[in-house]
Amino acid sequence: SSGINAEWSLRPGSVSCSTIEIHKTNKEMTLFDFTTDKQQNHLWREISDTVREPGMSKAVFSIQKTRLFQRAVMFAMINPQPNGAGFAGVQTEMPDTAASHAQDTGLKLLVRGQGQLKYWKVVLTDTDQIGAMKQYSYEQKFTVELDPKETGGDMDIVELPFSEFKAFFRGREVEDAPPLDLAKTGAFGLQTFGGVYDNFKQKGTGSLEIDSISFY
């Protein structure tokens, strides 16, 4: 997916251009590049609602390798409670280089969704919140287009401004939390969810294919 020219059918709200030239991402701007052999799926651990007694959801993170490409895939199954409560996710340690990007605009994800799960989120957790009893994390939701007729099978570019990350605890916003500070971020996570406090609900199975996550 790097070093070539490609036509991209991008959904509204992602990037307002229809044709871009794809270059190998500058290493200093890349947070995770799953197209290289250096990425290891065992560095990611599952964080799903089964940590609670009624939880029944599941997430699996894997590296897909073919003769033509390599990328990460997060497979998820959401079995929500009647009110929509439920989540499935994975988490890894935030690279030390992230702190130097605190003045950047945000995160850029090169992803593609399949299945029944349209709504996903990036979850950033401060080091002092990891393992805390009342842990809050900084989250931002995004959607993926599931209809291949709309995307042509292409990957989506999703941009998440740092200014739009808000602190949440169990789905509710923590209004008195300090703003996101990448220098304090200790963990990076991806998650899909049932939508207990949202104006939508989702359940079932789906996947999120990921080429890279970078700064912009």
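The following exercises, each with a worked solution, concern the predicted model shown above.

Residues are numbered from 1 along each chain as its sequence is written, and side-chain values use heavy atoms, with hydrogens and water left out. Local features need pLDDT of at least 70, side-chain atom pairs count only at pLDDT 80 or more, and totals for chains, interfaces and linings use all residues.

**Exercise 1. Describe the chain as a whole.**

Step 1. The secondary structure comes to 1 helix and 15 strands. Helices (H or I, at least four residues) and strands (E, at least two) are DSSP runs, numbered from the N terminus.

Step 2. The chain has 216 residues, of which 44% count as buried. Buried means under 20% relative accessible area, exposed over 50%, and partly exposed in between (1.4 Å probe, protein chains only).

Step 3. Among contacts with a separation of 6 or more, 74% involve residues 24 or more positions apart. A contact means heavy atoms within 4.5 Å.

**Exercise 2. Work out the order of the open sheet and identify its edges.**

Step 1. The open sheet is formed by 7 strands in the order 4-7-14-9-10-12-13, with antiparallel pairing. Strand 4 (45-46) and strand 13 (172-173) stand at the edges with a single partner strand each, so one side of each has no neighbour in the sheet. Two strands pair if DSSP finds at least two bridges between them.

Step 2. Begin at strand 4, which pairs with strand 7 (residues 87-93) in the antiparallel sense over 2 bridges. Here R45 has Q91 of strand 7 as its bridge partner.

Step 3. Continue to strand 14, which is joined to strand 7 by 7 antiparallel bridges; V90 is partnered there by L190. Strand 9 is also joined to strand 14 by 7 bridges, again antiparallel, and K121 has Q191 as its bridge partner.

Step 4. Consider the burial of strand 14. Because 9 of its 9 residues are buried, strand 14 is largely enclosed by the rest of the structure.

**Exercise 3. Examine the largest nonpolar core.**

Step 1. The core has 40 residues, of which L109, V122 and F188 touch the most other members. A nonpolar core is a set of buried Ala, Val, Leu, Ile, Met, Phe, Trp, Tyr and Cys residues joined through side-chain atoms within 4.5 Å.

Step 2. Take V122 as an example. Apart from neighbours within four places in sequence, its contacts include L107, L109, F142, L160, F165, F188 and L190.

Step 3. In soluble globular proteins, nonpolar side chains tend to be buried together.

**Exercise 4. Characterise the largest pocket and the residue R170.**

Step 1. The pocket has a volume of about 1000 Å³. Its lining comprises 44 residues, and R52, F87, R170, G171 and Q191 lie nearest its centre.

Step 2. Among the strands that each supply at least two lining residues are strand 9 (119-126), strand 10 (137-143), strand 12 (166-169) and strand 14 (185-193).

Step 3. R170 lies in the loop between strand 12 and strand 13. With a relative accessible area of 55%, R170 is exposed.

Step 4. R170 has a positive phi of about 50°, although it is not a glycine. Most residues other than glycine have a negative phi.

Note on methods: 1 Å grid on protein atoms, 1.4 Å probe; cavity = no way out; pocket = protein on both sides within 12 Å on 5 of 7 lines; lining within 4 Å. Points joined across faces, edges and corners; volume = space filled by probe spheres on them.
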